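Biologist: Could you walk me through this one slowly? I keep hearing labels, and I'd like to know what stands behind them.

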Amino acid sequence: MTKRLDTLSWDEYFMGLAHLSALRSKDPNTQVGAAIIDENNRVVSVGYNGFPRGCSDDEFPWDREGGFLISKYAYVVHAELNAILNSPRPVRGCTLYVSLFPCNECAKAIIQAGIAKIVYESDKYDGTDANIVSKRMLRAAGVELVQVDNTIRLSVERRTNSEKNK
Ligand SMILES: [Zn+2]
């Protein structure tokens, strides 16, 4: 018998993990996931966009409009930053997989944490000010930027565990 050939590539596997993490996000409009991987293809950390610990998903605003105090932008921690902050070990030299190209604020954290490479999927904000600034800093810092060849889509199916009901 020969081995399976239609398995996920490393890129697909890690981007899939980023997408799985994104499914944890409570943001009604944008769900972004990130995964940090070391040079031996070991998963170091994951993250998704959400409010800081202790800031309730039910009390803080998810709105996109209404000004600084009452829109989500002032409060949300992006997936990339959460993955860096959640990591149990330094991420210097690691690769960051992220479903959306990082903003300028995350770019600063990515650079300072020593992430060597970013593998991203969507770049839907290409050409916006934050995106231009982000790329300018990441390129200046020598962070390798790679867009994946294939877009990964997960489908999750929930089934009630019948064993539990016996
Ligand atoms: Zn960001």
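What follows is a chat about the labels used for this predicted model.

Biologist: Let's start with one residue. Why is Val-98 called buried?

Modeller: Just count. Val-98 has 27 other C-beta atoms within 10 Å, and the label needs 20 or more. So Val-98 counts as buried. You'll find Val-98 in strand S3.

Biologist: Which residues does Val-98 touch, leaving out those up to four places away in sequence?

Modeller: Ala-18, Val-32, Ala-34, Ala-79, Glu-80, Ile-118 and Tyr-120. Take Ile-118: it sits 20 residues along the chain from Val-98, yet their C-alpha atoms are separated by 7.5 Å.

Biologist: And which residues touch the most other members of the largest nonpolar core?

Modeller: That core has 30 residues, and Val-98 is on the list, together with Ala-18, Ala-34, Ala-35, Ala-83, Leu-96 and Tyr-97. The elements giving two or more residues to the core include helix H1 (10-22), helix H2 (79-86) and strand S3 (95-100). Nonpolar side chains tend to be buried together in soluble globular proteins.

Biologist: What about the sheet: in what order do its strands come?

Modeller: S2-S1-S3-S4-S5, as an open sheet.

Biologist: What makes S2 and S5 edge strands?

Modeller: Each has a single partner strand, so one side of each is left without a neighbour in the sheet.

Biologist: How do you know that S1 and S2 pair?

Modeller: Pairing takes at least two bridges, and five join S1 to S2, so they qualify. They run antiparallel, with Ala-34 standing opposite Gly-47 in S2. H1 packs on the sheet too, touching S1, S2, S3 and S4. H2 also packs there, in touch with S1, S2 and S3.

Biologist: Then what makes the pairing mixed?

Modeller: Compare the pairs. S1 and S2 are antiparallel, while S3 and S4 pair in the parallel sense over five bridges. The sheet has both kinds, so its pairing is called mixed.

Biologist: Why is the crossover from S3 to S4 called right-handed?

Modeller: Look with the strands pointing away from you: the label calls for a path over the helix that runs clockwise. The chain goes from S3 through H3 to S4, and this β-α-β crossover is right-handed, so the path is clockwise in that view.

Biologist: Which helix does the chain pass through from S4 to S5?

Modeller: Helix H4 (residues 129-140), and that β-α-β crossover is right-handed as well. S4 and S5 pair in the parallel sense over four bridges, and Val-119 stands opposite Val-146 in S5.

Methods. Residues are numbered from 1 along each chain as its sequence is written. This is a predicted model: local features need pLDDT of at least 70, side-chain atom pairs count only at pLDDT 80 or more; totals for chains, interfaces and linings use all residues. A nonpolar core is a set of buried Ala, Val, Leu, Ile, Met, Phe, Trp, Tyr and Cys residues joined through C-beta atoms within 7 Å. A residue is buried if 20 or more other C-beta atoms lie within 10 Å of its own, exposed if 12 or fewer, and partly exposed in between; C-beta atoms are placed from the backbone. Two residues are in contact if their C-beta atoms, placed from the backbone, lie within 7 Å. Axes are lines fitted to C-alpha atoms, for helices over the stretch in contact, and angles run from 0 to 180 degrees between N-to-C directions.
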